[in-house]
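Open the model in your viewer and keep the selection panel at hand. This tour goes from one selection to the next.

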Amino acid sequence: MATMAILLDYKLFDDYVLLKASVIHDLLEDVPSTNEFDIRIIDGQADQVLELVKEVTRPEEMSKADYLKRILKDGSYNAKLLKCADRISNLTDLHRDTHSDQKISDYLDQTEQFVIPMAQQVNADMLKELTDLVNRRRQLVKILEECRPEEEKKQKH
């Protein structure tokens with residue numbers, strides 16, 4: 001739902017296929033046993049929704065970098081919008097108490113390499129938000145790394 005809320009924040013009210021896909025965009029990855037027929041019978045746009053969801057679903061055998069590269073190079077406009085909104089949502093939830101410093105760093109690198117160029121192609125406001133989120137997360141990690149030795153010193157005393 002967070003991804004859909006981000007699309008709504010960007011005033012993308014009238015693209016019902018995009019909004020519906022944003023609600024279930026992780027379904028095929030998270031629940032591989034999902035029966036596509038059950039989705040296809042929901043409404044008249046269900047085939048288009050499912051096709052967009054499949055476009056942003058990473059095949060199990062594909063690396064994250066290759067998957068993002070594929071969307072950047074060959075993805076539809078809506079796939080890029082959806083991926084940018086999803087990444088904004090994920091960056092907002094990226095915290096050191098739930099992710100390792102290396103995972104955060106890798107995620108920020110992927111965002112800069114693949115998702116920010118997607119945003120350049122589809123939405124200037126998303127580009128600004130993604131850039132700001134990456135910069136703020138990098139600053140936070142740097143500040144926390146600089147503070148870490150002080151915390152360790154305090155614990156020893």
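**Stop 1: the core**

Select Leu7, Cys84, Leu91, Met126 and Leu130: of the 42 residues in the largest nonpolar core, these touch the most other members. A nonpolar core here is a set of buried Ala, Val, Leu, Ile, Met, Phe, Trp, Tyr and Cys residues joined through side-chain atoms within 4.5 Å. Buried means under 20% relative accessible area, exposed over 50%, and partly exposed in between, with a 1.4 Å probe and protein chains only.

This is a predicted model, where local features need pLDDT of at least 70 and side-chain atom pairs count only at pLDDT 80 or more, while totals for chains, interfaces and linings use all residues. Residues are numbered from 1 along each chain as its sequence is written, and side-chain values use heavy atoms, without hydrogens and water.

Now colour the elements that give two or more residues to this core: α1 (2-9), α2 (16-24), α5 (46-55), α6, α7, α8 (101-122) and α9 (124-156). Helix α8 gives the largest share, nine residues. Helices are DSSP runs (H or I, at least four residues; strands are E, at least two), numbered from the N terminus.

Stay with Met126. Which residues is Met126 in contact with, leaving aside neighbours within four places in sequence? They are Leu7, Tyr10, Leu81, Cys84, Ala85, Ile88 and Ala119. Contact means heavy atoms within 4.5 Å.

**Stop 2: α6 and α7**

Select residues 64-74 (α6) and 77-92 (α7). Their axes come within 9 Å and cross at roughly 135°. The two helices are therefore oblique to each other. Axes are lines fitted to C-alpha atoms, for helices over the stretch in contact, and angles run from 0 to 180 degrees between N-to-C directions. Under 35 degrees counts as roughly parallel, over 145 as roughly antiparallel, 65 to 115 as roughly perpendicular, and the rest as oblique.

Show the side chains at the contact: Lys64, Tyr67, Leu68, Ile71 and Leu72 from α6, with Ala79, Lys80, Lys83 and Arg87 from α7.

**Stop 3: Asp86**

Stay on α7 and pick Asp86. Is Asp86 buried or exposed? Asp86 is buried, at 7% relative accessible area. Its side chain joins that of His25 in a polar contact of 3.0 Å. A polar contact is a pair of N or O atoms within 3.5 Å; within protein, one must be able to donate a hydrogen and the other to accept it, and residues adjacent in sequence count only if both atoms are side-chain atoms.

**Last stop: the whole chain**

Zoom out. The protein has nine helices and zero strands.
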